[in-house]
Amino acid sequence: MKLSGAEILLKALELEGVEKIFGYPGGAVLDIYDRLPFAPIKHYLTRHEQGAAHAADGYARVTGKVGVCFATSGPGATNLVTGLATAQIDSVPVVAFTGNVPTFMIGNDAFQEVDTVGITRPITKHNFLVKDVKDLADTVKKAFHIARTGRPGVVLVDLPKDVTREIADFFEEEYKTPVQIRSYKPVLKGHPGQIKKAAKAIASAERPVLYIGGGTVSSGASDLVVKLAEVANIPMTATLMGLTAVPGNHPFFLGMLGMHGTYAANMAVQESDLLIAVGARFDDRVTGRLKDFAPNAKVIHIDIDSAEIGKNRAADIPIVGDAKLVLEELLPEVERQVAKNREFYNVRQKWIMKVKSWAERYPLWYEPSDRVIKPQFVIQKIWEVTKGEAIITTDVGQHQMWTAQYYKFRYPRQLVTSGGLGTMGFGVPAAIGAKVGRPDKTVFCISGDGSFQMNMQEIVTAVHHNIPIKVAIINNNFLGMVRQWQGIFYDKNYSQVHLDVQPDFVKLVEAMGGVGLRAERPAEVEKVLKEAMAINDRPVVIDFIVDREEDVFPMVPPGGALNEMILPSYGKEKAKKKAV
Amino acid sequence: MDGHYRKHIISVLVENQPGALARIIELFSARGYNIESLNVGHTEDPTISRITMVAKGDEHTIEQIVKQLRRLIDVFKVRDLTDKKKLDRELLIVRVNVETPEKKDEVKRLVDIFGAQIVDVSHDTYTVELTGDEEQVDAFLELIKPLGIREMARTGRVAMVRALQGETFGEESKH
Ligand SMILES: Cc1ncc(C[n+]2csc(CCOP(=O)(O)OP(=O)(O)O)c2C)c(N)n1
Ligand SMILES: [Mg+2]
């Protein structure tokens, strides 16, 4: 079949199973957009290319499928950059297509020309510049394969305009044959010897902890990790990216670890003699002062990316492989080992009791109020009103950490948040992508007054395409997280964090065609949330006017060890308790 | 981590494609590693290039470099050849001052000893070409330095594991 480059691209997308894409047109992609109406693909026109990238990312995170976005050359491509970097660092499969100037003009500083592959090389898993229409189909096929296999990530395909116009042969059958990339063969199965060793270590440890990362969620290993914990009585903690692997109310679950982790999670890790890291990468926000992280623990490190193993913390038992495949092998092995050891459950019970006592003594806590709305209270109410079932997206800041702490997730892929890059402005467009991917779910974006203003134009996208997302702005009139640091570590020198001039978010959202609501008193919170839940034909944004100087606790100060947490005051009666 | 800080010679087989070399070089700058020398050329298969690079670091850093290189999609094989039995060569071209007959004799003598060659001559300079391992090249340069070096170019090292050592490059897979 003879097709133009644009047609080949769209046909290839169709064969990849792509149904929904996010993008923004421009000169260099005119030929693609010209053919788009004839393809069985729904295109969501965002109001900024960054929004398209985040939406593709959100779509991918909730569905597990590859997210796709389009942008034109030059400014279109550079506008994608933050979105692609955000997805890449959180290992989200996204394929981005950018137009570029025609091949014969490349390198001439032509109108709207940038070196897109050069700019995006460090923030993608791989990228391609297609110089000949004959290579196009094969390149698209490789791009999808690379994005979704191994450690998932971002692949960008740059398409000079002439490549999208020229004609070439396209054979559907040929496209469907398996991809061959001779230099790329990810290791998926764990080494059996290492798995045996790990099982032995798990059965003989006294104080093991499961440290669960985003790789667990993305490989579909969530249920297996929980099962492993249950079979071998192991307390679990998760990173921000791994939170949804474990049901929030699981008796062995200690919540998040790290800088704003729970007391129990951080202490359990510090006191452990065996740390079982599954799809986690020992990020500095997790470990605190690295040399004092889990100082007495042996480490089992399961990861699909061998470069993560030993990068920050040496592993005693490294296992390179897909978390799901490794756990499928590990689980029966652990069951066998545990069955051999009669003493096992007694020894383990002591550890579980100890960990539980930490959780009881120093739970998450905030001073309740019936005068001002506490931000944590809003999150708890959102949880109640959505019955814990909503897909939650967040922006970045205090509200993000409170969401991680107070929303008890029930199922994998339920939280969509920028963990690695910490990208303000992620929440709203990611919610759009999430809702497009999972229209059956309530999608709630928990945002901040600062973050919301970084991509609020995407509310118009939601109105345009009838995407009924809900947004809660936790409005503290501050760049709260930065204010918190200035408060604790810079002597309360609040420099450029006060958002003195703020739009009227209710009017603003109304002007964009959405519904704007506001709550200023604790008593109004539930009412307004219920009101929002009843609206299903338009986006709703609720402006929650909250306590302005609430801080996130616990907090491990930068450079501190995990056990050096600053704890909340616990009101008057517990005021004297201090972290050990 | 490991305080043992030394030069490593790393050999990389990579798709001969635009972007592949850029990706490797950018990886070094992005992750803060230093490359001391870098050499690129075809292998027996023109679609595959061999990159030989010398990098300084402790064991942990070098291990990271190797692993990070292996992650790249275009990279087939990465191998740290430092402690392997290998052929390890570098090409030097150097132009030295020889304004006096004594200097001319001295250069000829050194060229003889090192098995080098004089490849270009002017009335007051000799241009010498030398192939050898890094130590030989360094030693040669050390000896001719007092005569006055006008200009020089070194290729950086290229290396290959010796045959009949029970292992060749090809036997070790990417992961
Ligand atoms: C794009 C971007 N710019 C700057 C920052 C640094 N930063 C981290 S949190 C934060 C404050 C966020 O304020 P807001 O959205 O109101 O959330 P809050 O902390 O008040 O809940 C800032 C500026 C960032 N993470 N991302
Ligand atoms: Mg704020």
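**Note on the predicted model: cysteines, metal site, pocket and a strand pair**

1. A:Cys69 is buried, with a relative accessible area of 0%. The model is predicted, and this residue is taken up here together with A:Cys445, which is likewise buried at a relative accessible area of 0%.

2. Over all chains, the count of disulfides is zero. A:Cys69 takes part in none, since the nearest cysteine sulfur, that of A:Cys445, is 19 Å away.

3. The magnesium ion (ligand 2) has three protein donors listed by residue: A:Asp449 through OD, A:Asn476 through OD1 and A:Phe478 through O, at 2.0 to 2.1 Å. Along the sequence, the spacing of these donor residues reads D-x26-N-x1-F. A:Asp449 belongs to helix H19 (residues 449-452) of chain A, while A:Phe478 sits in the loop between strand E18 (470-475) and helix H21 (480-489) of chain A, so the pair ties together parts that are 29 residues apart in sequence. A:Asp449 and A:Phe478 are both buried.

4. The second largest pocket has a volume of about 980 Å³. Its lining has 36 residues, and those closest to the pocket centre are A:Gln88, A:Thr124, B:Arg31, B:Gln68 and B:Arg71. By type, the lining residues divide into 14 nonpolar, eight polar and 14 charged.

5. Which helices each supply at least two residues of the lining of the second largest pocket? They are helix H4 (75-89) of chain A, and helix H1 (20-30) and helix H2 (59-71) of chain B. H1(B) gives the most, with four residues.

6. In chain B, strand E9 (residues 158-161) has one covered face, made of B:Ala159 and B:Val161, and one uncovered face, made of B:Val158 and B:Met160. E9(B) runs antiparallel to strand E5 (residues 86-97) of chain B, and four bridges join the two. B:Ala159, on the covered face, is the bridge partner of B:Asp88.

Note on methods:
Residues numbered from 1 in each chain as written. Chains lettered and ligands numbered in written order. Predicted model: local features only at pLDDT ≥ 70, side-chain atom pairs only at ≥ 80, totals over all residues. Heavy atoms only, no water. Donors = N, O, S within 2.8 Å, 3.2 Å for Na, K, Ca; no water. Buried < 20%, exposed > 50% of the residue type's maximum accessible area, 1.4 Å probe, protein only. 1 Å grid on protein atoms, 1.4 Å probe; cavity = no way out; pocket = protein on both sides within 12 Å on 5 of 7 lines; lining within 4 Å. Points joined across faces, edges and corners; volume = space filled by probe spheres on them. Nonpolar A, V, L, I, M, F, W, Y, C, P; charged D, E, K, R; others polar. Disulfide = S-S within 2.5 Å. Pairing = 2+ DSSP bridges.
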